[in-house]
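Welcome! Take a moment to look over the sequence and the 3D view, and then we will walk through a few side chains together.

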Amino acid sequence: MAIEFKVEKLIGKLDIIQKTQIPFAAKQALKQYGFLLTKTLLPAEMNKPLTAPSGSGKPVPFTLNAFRYKVDGMTLKIFIPDNSEGGKRKEYLYSAFYGGKPKQTALTTSIEKATGMYGVPAYGNLSALGALTQYADIKRSYASKVAKGLQGSPFDGGRLVAVSDRSLKMGSKVSAAGRRGGLKPNAIYRIKGKSIIRLFTLINKPPTLPVAMPYEKFVTDTSKKRLPSLLSFQLKRAMASR
């Protein structure tokens, strides 16, 4: 998004001499604010609401370091580079800032292919199994094991059983075995000896996520609070150096 402003609306009327210094002062103020916003203010704000659905975890550095800024005249542009990790950060953050469907991952795709449904992680159980990172994301190595387990490979010293209404209707042997074993439908379980642990709950379609952080409102409101003092400071410096 772009931030533009009218100087006199922010800091009041200027005399002729002050106006000659505005282009330089504004550029310096926008650079200062862009750095502050992308390196400190946005990461701090994102750390508050962007947790796992269980309320645990926190954004990874990859997410917090997503933003860049560019100053062009009297305009400050805040953006996520299109080529940032193949656009993954922009895709991931879109639903957090604007709501909508969650980002499709290799794991959710594997679950959908195996069950015809969308898998919602049972974060408490996965955490107890050591399957989550310190940021409450499912570890890549564990996600890979789940994908293979859904295809029939041994899993974590046991096996995976997926029970879903859709796959039962399609005659899935795995789902039928799970139903015969007394497992509740619409879930993926790890079975190891007598231990049965639910890893995912299965729902018919991806949930529609609410806005986790009103990104544009935060940037706009913060700009109104921070820019006047930064601009006044840079204008005084410019006047003093004449």
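In which helix is the place of T115? T115 belongs to helix 5, which covers residues 106-115. Keep in mind as you explore that this model is predicted.

**T115 and its contacts**
- T115 is buried, as its relative accessible area is 1%.
- The side chain of T115 reaches the backbone oxygen of I111, at 2.8 Å.
- A polar atom of the T115 side chain also lies 3.1 Å from the backbone nitrogen of M117.

**Aromatic rings**
- A pair of aromatic rings is described by how far apart the centres are and by the angle of the planes.
- The count of aromatic pairs here comes to five.
- One of these is the pair of F67 and Y215, which is stacked, with 5.4 Å from centre to centre and 25° between the planes.
- F67 lies in the loop between helix 3 (61-64) and strand 2 (68-72), while Y215 is in helix 10 (residues 215-240), so this pair ties together parts that are 148 residues apart in sequence.
- Both partners are buried: F67 has a relative accessible area of 3%, and Y215 has one of 6%.
- Ring pairs also bring in F97, linking F67, F97 and Y215 into a cluster.

**Lysines over rings**
- Where does the charged end of K77 sit? The charged end of K77 is found over the ring of F79, 5.3 Å from the ring's centre.
- K145 lies over the face of F155, and the distance to the ring centre is 6.0 Å.

Note on methods:
Residues numbered from 1 in each chain as written. Predicted model: local features only at pLDDT ≥ 70, side-chain atom pairs only at ≥ 80, totals over all residues. Heavy atoms only, no water. Helix = DSSP H or I, 4+ residues; strand = E, 2+ residues; numbered from the N terminus. Buried < 20%, exposed > 50% of the residue type's maximum accessible area, 1.4 Å probe, protein only. Polar contact = N/O pair within 3.5 Å; in protein donor to acceptor, adjacent residues only side chain to side chain. Phe/Tyr/Trp six-rings, centres within 6.5 Å; stacked < 30°, edge-to-face > 60°. Lys NZ or Arg CZ within 6 Å of the ring centre and 35° of its normal.
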